[in-house]
Amino acid sequence: MSAITVRRDLRGQFGPARDQGGRETCLAFAMSDAHAAARGAPWSPLCSEYLFYRAKQRDKTPPQVGTTISAIRAALEQDGQPVETAWPYLKKLPNDLAKWKPPAKIGTLFYRTSKRNGDAFDEVWDEVEAAHLALIGITFSTAFLMPDGDGVVDADEPEDPDLRHALVAVATGKRAKQKLLLVRNSWGESWGRSGYAWLSERYVGPRLIVSLTIT
């Protein structure tokens, strides 16, 4: 039996966890999934490939590396994104990058705005408590790879600024007096508990780089 008391839970707005594979596209997946959930039921995944492509046109860096918060926000607000089936996610980029481009007929594009919040744990907690979907960017460590028996990541490990990841905060909870945030990852359903895990305030607080609320 779990020792976690769940307070606010937004998981019902999402479908199965998705998998970014070996590419550095976590920010596009987190933004896409938060956008899809904000659009309401029924769950319909949105095209991470298209959003990532448009963000890369903006940040002017190679597509083999991740994009930036400013580029992904601008892409979502100004370029939009279609449904996932319009341009299914690529497990790897083509060898000839000139061939990496959206289909000529991409279908309906959906747009969304976002609000940048502070980088304090309690700000993210309060957003989720208010039933707002929050994208968070964090640094992570070895403990992140192996949540405990309750599905919790709670460790006091050194930070590595080169290990960065984007997630969606979807629930709040407590274990004893410890505050927890449940996050949705983009590493498939084999990570954590079906693609979700709880991050303790002790773990994520010092590691929080940025948070966005999908509006």
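Visitor: Which residues line the largest cavity?

Guide: Phe29, Ala30, Asp33, Ala166, Leu167, Val168, Arg184, Asn185 and Ser186 line the largest cavity. This is a predicted model, where local features need pLDDT of at least 70, side-chain atom pairs count only at pLDDT 80 or more, and totals for chains, interfaces and linings use all residues. Residues are numbered from 1 along each chain as its sequence is written, and side-chain values use heavy atoms, leaving out hydrogens and water.

Visitor: What makes a space a cavity, and what makes it a pocket?

Guide: On a 1 Å grid over the protein atoms alone, a 1.4 Å probe fits in a cavity but cannot get out, while a pocket is open, with protein on both sides within 12 Å along at least five of seven lines; lining residues have an atom within 4 Å of a point. The model has 1 cavity of 30 Å³ or more, and the largest cavity holds about 40 Å³ of space, a volume filled by probe spheres set on grid points joined across faces, edges and corners. α1 and β5 (164–175) each supply at least two of its lining residues; helices (H or I, at least four residues) and strands (E, at least two) are DSSP runs numbered from the N terminus.

Visitor: How does the lining of the largest cavity divide?

Guide: Into 5 nonpolar, 2 polar and 2 charged residues. Asp, Glu, Lys and Arg count as charged, Ala, Val, Leu, Ile, Met, Phe, Trp, Tyr, Cys and Pro as nonpolar, and the others, Gly among them, as polar.

Visitor: What about the largest pocket: how much space lies in it?

Guide: About 490 Å³. The largest pocket is lined by 22 residues, with Cys26, Leu27, Thr67, Arg164 and His165 nearest its centre. β5 gives the most to this lining, with 3 residues. The lining divides into 9 nonpolar, 9 polar and 4 charged residues.

Visitor: How do you know whether Thr67 is buried or exposed?

Guide: Buried means under 20% relative accessible area, exposed over 50%, and partly exposed in between (1.4 Å probe, protein chains only). Thr67 has 15% relative accessibility, so Thr67 counts as buried. Thr67 sits in the loop between α2 (48–59) and α3 (69–79).

Visitor: What makes the pairing of the Thr67 and Asp59 side chains a polar contact?

Guide: A polar contact needs a pair of N or O atoms within 3.5 Å; within protein, one must be able to donate a hydrogen and the other to accept it, and residues adjacent in sequence count only if both atoms are side-chain atoms. The side chains of Thr67 and Asp59 make theirs at 2.6 Å.

Visitor: Why is Tyr111 called partly exposed?

Guide: Tyr111 counts as partly exposed because its relative accessibility is 43%. Tyr111 lies in the loop between α3 and β2. Not counting residues up to four places away in sequence, Tyr111 touches His35, Leu76, Glu77, Gln78, Asp79 and Gly80, a contact being heavy atoms within 4.5 Å. Just after α3, Gly80 takes a positive phi of about 70 degrees.

Visitor: What makes a group of residues a nonpolar core?

Guide: Such a core is a set of buried Ala, Val, Leu, Ile, Met, Phe, Trp, Tyr and Cys residues joined through side-chain atoms within 4.5 Å. The largest nonpolar core has 61 residues, and Met31, Ile136, Ile138, Phe144 and Leu199 have the most contacts inside it. Helix α1 (residues 26–39) gives the largest share of this core, 7 residues. Beyond its neighbours within four places in sequence, Phe144 is in contact with residues including Ile138, Trp187 and Leu199.
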